[in-house]
Amino acid sequence: MTMVRAASWLGIPDGHPRGLASLPYGSFTDHAQPARRRVGVAIGDRVLDLSAAAERLLPGRAADFASGTLDAFLAAGSSAWAQVRAALTAWLSQDHYREAVEDLLVPAHGVTMHLPFTVADYVDFYASEQHATNVGRIFRPDGEPLTPNWRHLPIGYHGRSGTIVVSGTPVRRPCGQFLPEGRSQPGYGPSARLDFEAELGFVVGVPSALGEPVPAARFAEHVFGVCLVNDWSARDIQRWESAPLGPFLGKSFATSVSPWVLPLAALEHARVRPPSLGTDLVSYLADTGDWGLDIQFEIRLNGHVVSRPPFATMYWSPAQMLAHLTVNGASLRTGDLFASGTVSGPDPGQYGSLLELAWAGRRPLALPDGTARAWLEDCDEVAISASAAGPDGARVGLGEVRGQVVPALAPGPR
Ligand code: CA
C-alpha cells in the first residue's frame, strides 16, 4: 500500500501548521452543548471532538477524555500519549475512518476554548541569556549584566497557579504599591508600567515521588507538551517589592496560556542542542540531551508585529529546567506548569518584552499606526504565536495566546 504523506481525507495541504504533524489538544465547548466540556484536537480549521471519538473508536482510553479536560490524559503517561497520537493520525489520514470521524469535526471558529488542564504548581524560569543580560543592563547599568550564578543553574521562582487564565481572558491592569521616579515614599495605584513576557510553557503529565529527583533523561516521561505563555508583569510593582525575595504581586495578577497544548511528539524535528551544553556544568545539568527547541515566536501588539523571538537561542533547555526543579527532591504533580522565562534573541527585533523593546521606557516603541508605547496602555491587545520546525521543512503550529488590557478598578484605600 502506498502512503501519500499527509494527504488526509480532510484535504489539508502538506506543511499546514495545523496538519497531521501538529495535532495539539485542548478543552472546548460549542453552541450546541455549551455546558458540556470536551477534549478537542485541532486539525486544519476544525476541531475533532476527541471525547466522543474515543468512546466510538478507542473505548479503552475513553475515560481519559470523559471530564472534558486533559487532566486524566496527562496522568496516563507516555505509552497512552503515543497510543492516542497514533490513533488520531490514523483516523484523520486513512479513508476508511472518514465515516466514523467526520461528524465529530466542528468548525474551529464556532467553539469556545477553556483552560486545557487544571494547573497544579507554576514555576517560571529565566533561561534566555539575552533577556537576562538586557534586564541586567537596564537595572544594574554599572554591574555585570548576569549574576554569578546565571550560567551555573536555571534561575526560577514559584508563581501563582490560581491566576493562570486561558487566551482571550481580559487582563485587568493591577493596582499596587510602587516607588515613583525621584520619590522616597511609595504610592499606591494602577500600575503605570504594565508589560508582557513571551514564553514557552511545559506541561507536566506524570507525577514524581517526594524526595526523588527527576533526572533530565526522564524529561519526556514526565512532560507531556508545550503551550504558549504570556507572563504579564507590572514593572513598577515588581521593582519596588522584589528586593530581596523576587517576583510577587507584580506577576501574580494574571498569566495567560494558549488553549492548545502541543505534545512533545510533535517537536521531534525541532530539537536542537542548547548553548549551555558543552560548558562546565554540575553533573545533573550536563549531558541532558538535545532538548533545545527550534521554535519561532511572533509578538503582535494591536495587530502589528513588534518582535520575532527565536526559542532556539535559549541557554537552558526544558530538560535542564526539570532536573533543576526537582534536584532537591521537590515532587511533580500532574498539571504542573513550568515556563521558560522571556524568550529574547540577540537582535532588538527579537526581544520578548516591552521592557526590552522600549528599553525601560527610554526608547518608546513606534507602531505603524503612528502611536508609540513605553508600556502597555488600556485596551492594548498582545498576541503571541509560534511555530516549530516540523518534518520535511513544514511548520508545526503552536497556536496563539492573546489578551487585552482592561482598565484598573478605581484605586481602593490608600
Ligand atoms: Ca517571566
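A pocket is an open set of points on a 1 Å grid over the protein atoms alone, with protein on both sides within 12 Å along at least five of seven lines; lining residues have an atom within 4 Å of a point. Grid points are joined across faces, edges and corners, and a volume is the space filled by probe spheres set on the points.

## Basis of the model

This is a predicted model: local features need pLDDT of at least 70, side-chain atom pairs count only at pLDDT 80 or more, and totals for chains, interfaces and linings use all residues. Residues are numbered from 1 along each chain as its sequence is written, and side-chain values use heavy atoms, with hydrogens and water left out.

Helices (H or I, at least four residues) and strands (E, at least two) are DSSP runs, numbered from the N terminus. H5 and H7 each supply at least two residues of this lining. H7 gives the most, with four residues. The lining divides into ten nonpolar, no polar and six charged residues. Here Ala, Val, Leu, Ile, Met, Phe, Trp, Tyr, Cys and Pro count as nonpolar, Asp, Glu, Lys and Arg as charged, and the others, Gly among them, as polar.

The largest pocket has a volume of about 780 Å³. It is lined by 32 residues; Tyr126, Val135, Gln238, Ser242 and Pro247 lie nearest its centre. Two or more lining residues come from each of S6, helix H5 (129–139), strand S7 (156–158) and helix H7 (235–241). H5 gives the most to the lining of the largest pocket, with four residues. By class, that lining has 15 nonpolar, nine polar and eight charged residues.

## Calcium site

Four side chains coordinate the calcium ion: Asp124 (OD), Glu197 (OE), Glu199 (OE) and Asp231 (OD), at 2.2 to 2.3 Å. Aspartate 124 lies in strand S6 (residues 122–125) and glutamate 199 in strand S13 (residues 198–204), so the pair ties together parts that are 75 residues apart in sequence. Along the chain, the donors follow the spacing D-x72-E-x1-E-x31-D. Donors are N, O and S atoms within 2.8 Å of the metal (3.2 Å for Na, K and Ca); water is not among the atoms, so sites may look incomplete.

Aspartate 124 counts as buried, at 2% relative accessibility. Glutamate 199 is buried too, with a relative accessible area of 0%. Buried means under 20% relative accessible area, exposed over 50%, and partly exposed in between (1.4 Å probe, protein chains only).

## Cysteines

The structure holds zero disulfides. A disulfide is a pair of cysteine sulfur atoms within 2.5 Å. The sulfur of cysteine 175 is 16 Å from the closest cysteine sulfur, in cysteine 379, so the gap is too far for a bond. Cysteine 175 is partly exposed, with a relative accessible area of 27%.

Strand S2 (residues 38–43) is mostly covered: six of its six residues are buried. Arg38, Gly40 and Ala42 point one way from S2, and Val39, Val41 and Ile43 the other way. In a regular strand the side chains alternate between the two faces of the sheet.

Strand S1 (residues 25–30) runs antiparallel to S2, joined by four bridges. Phenylalanine 28 stands opposite arginine 38 in S2. S2 is also joined by four bridges to strand S3 (residues 46–49), again antiparallel. Alanine 42 stands opposite valine 47 in S3. The hairpin of S2 and S3 has two residues between the strands, and glycine 44 takes a positive phi near 55° there.

## A five-stranded sheet

Five strands form an open sheet in the order S9-S26-S25-S20-S21, with mixed pairing. Its edge strands are strand S9 (171–172) and strand S21 (304–307), each pairing on one side only. Two strands pair if DSSP finds at least two bridges between them. Strand S20 (residues 295–301) and S21 run antiparallel, joined by three bridges. Isoleucine 299 has serine 307 in S21 as its bridge partner.

## Helix H1

Arginine 56 is found in helix H1 (residues 50–57). This arginine 56 is partly exposed, with a relative accessible area of 43%. Arginine 56 and tyrosine 126 are 70 residues apart in sequence and 44 Å apart in space, C-alpha to C-alpha.

Notes:
1 Å grid on protein atoms, 1.4 Å probe; cavity = no way out; pocket = protein on both sides within 12 Å on 5 of 7 lines; lining within 4 Å.
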